[in-house]
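I open the notebook at a new page and want to look up a few things in this structure. My plan is to write down each entry as I go.

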Amino acid sequence: MHDAPVKELAWIPEMNLLVTGSWDKTLRYWDLRQQNPTWVQQLPERCYALTVRHPLMVVGTADRNLIVFNLQNPQSEFKRVVSPLKYQTRCLAAFPDQQGFLVGSIEGRVGVHHLDDSQSSKNFTFKCHRDGNDIYSVNSLNFHPIHHTFATAGSDGAFNFWDKDSKQRLKAMLRCNQPIPCSTFNNDGSIFAYAVCYDWSKGAENHNPSTAKTYIYLHLPRYNYNFVTVQGGDQAFVLCGITFFYLLPVVILWQVPFDWRYFINQTRWSGDRPEFSSFSK
């Protein structure tokens, strides 16, 4: 058992072990068939965040330490770096290719960090989960298992989808009325689940049990042809489907008598229209 609260845990299927990180400044590896840990790894400070993408594991601690482990040799540190963000680490997410990781902080900022020093030119940070002068914590980072884009969720009650390679925000979702403390994709990325509840960021004095209910929502990410991945004979089917989808309105409109087409061209739509803006960094 740990001597202080357990902050993070992760299952490592390749090793058939559970790893837990605690405020007692240790990592512990557990074989669930045994009562005692198989290994106890000392940390320089309290564990705040942890991410595993075998063989890569990254642990964020107090004092902005980011400790990298190679799980093929988990009993020693592979590398230790200082967070590129100026404030307390809140969450981590390893790259799907194990070449680096994302780090989020309480300052509404995310850092993209590569492990190889030769790739340091690709490292960058960006702001997110802000509203004017109000700054919110980034609570969760998750890579999509197929497309390798990623999602951020924060104490502003919003979650956004991003592409680190093009340095663009792909989609900003409407805000919930409470913070989002955690989120995740399912195994094929067809569902994005997130919890909505009070996250204690404003202390116990702002906690109202009568209104601070906990909810779990399921979001179905929408796909368009830019994200379709096909192989072999499926390509022709997908291309025909895309062509049909875009040409169908044109064919229907062409069947409308000329006078009606003229009327439609001269008439402006009234009422609210969806707002589509270019993605911002």
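**Ground rules.** I note that this is a predicted model, in which local features need pLDDT of at least 70 and side-chain atom pairs count only at pLDDT 80 or more, while totals for chains, interfaces and linings use all residues. Residues are numbered from 1 along each chain as its sequence is written, and side-chain values use heavy atoms, with hydrogens and water left out.

**Salt bridges.** I took a salt bridge to be a side-chain nitrogen of Lys or Arg within 4 Å of a carboxyl oxygen of Asp or Glu, and by this rule I find 11 salt bridges. One of them joins Asp 3 to Arg 28, with the closest N and O atoms 4.0 Å apart. This pair links distant parts of the chain, as Asp 3 sits in the segment before strand 1 (6-12) and Arg 28 in strand 3 (residues 26-30), 25 residues apart.

I next asked how the two partners are placed, buried meaning under 20% relative accessible area, exposed over 50%, and partly exposed in between (1.4 Å probe, protein chains only). Asp 3 is exposed, with a relative accessible area of 70%, whereas Arg 28 is buried at 11%.

**More on Arg 28.** Leaving aside residues up to four places away in sequence, Arg 28 touches several others, including Met 1, Leu 18, Pro 37 and Trp 39, where contact means heavy atoms within 4.5 Å.

**A second salt bridge.** I looked up Lys 164 and Asp 165, whose closest N and O atoms are 3.0 Å apart. Lys 164 counts as buried at 15% relative accessibility, while Asp 165 counts as exposed at 65%.

**Strand 16.** Is strand 16 (residues 150-154) mostly covered or mostly open? I found it mostly covered, with 5 of its 5 residues buried. In a regular strand the side chains alternate between the two faces of the sheet. Here Phe 150, Thr 152 and Gly 154 point one way, and Ala 151 and Ala 153 the other way.

I counted two strands as paired if DSSP finds at least two bridges between them. Strand 15 (residues 138-143) runs antiparallel to strand 16 and is joined to it by 5 bridges, with Leu 141 opposite Thr 152. These two strands form a hairpin with 6 residues between them, and His 148 in the turn has a positive phi of about 65°. On to strand 17 (residues 159-163), which is also antiparallel to strand 16, I count 4 bridges, and Ala 151 stands opposite Phe 161. Their hairpin has 4 residues between the strands, and Gly 157 takes a positive phi near 80°.

**Record annotation.** Over residues 1-40 I find 0% helix and 50% strand, with the end C-alpha atoms 11 Å apart.
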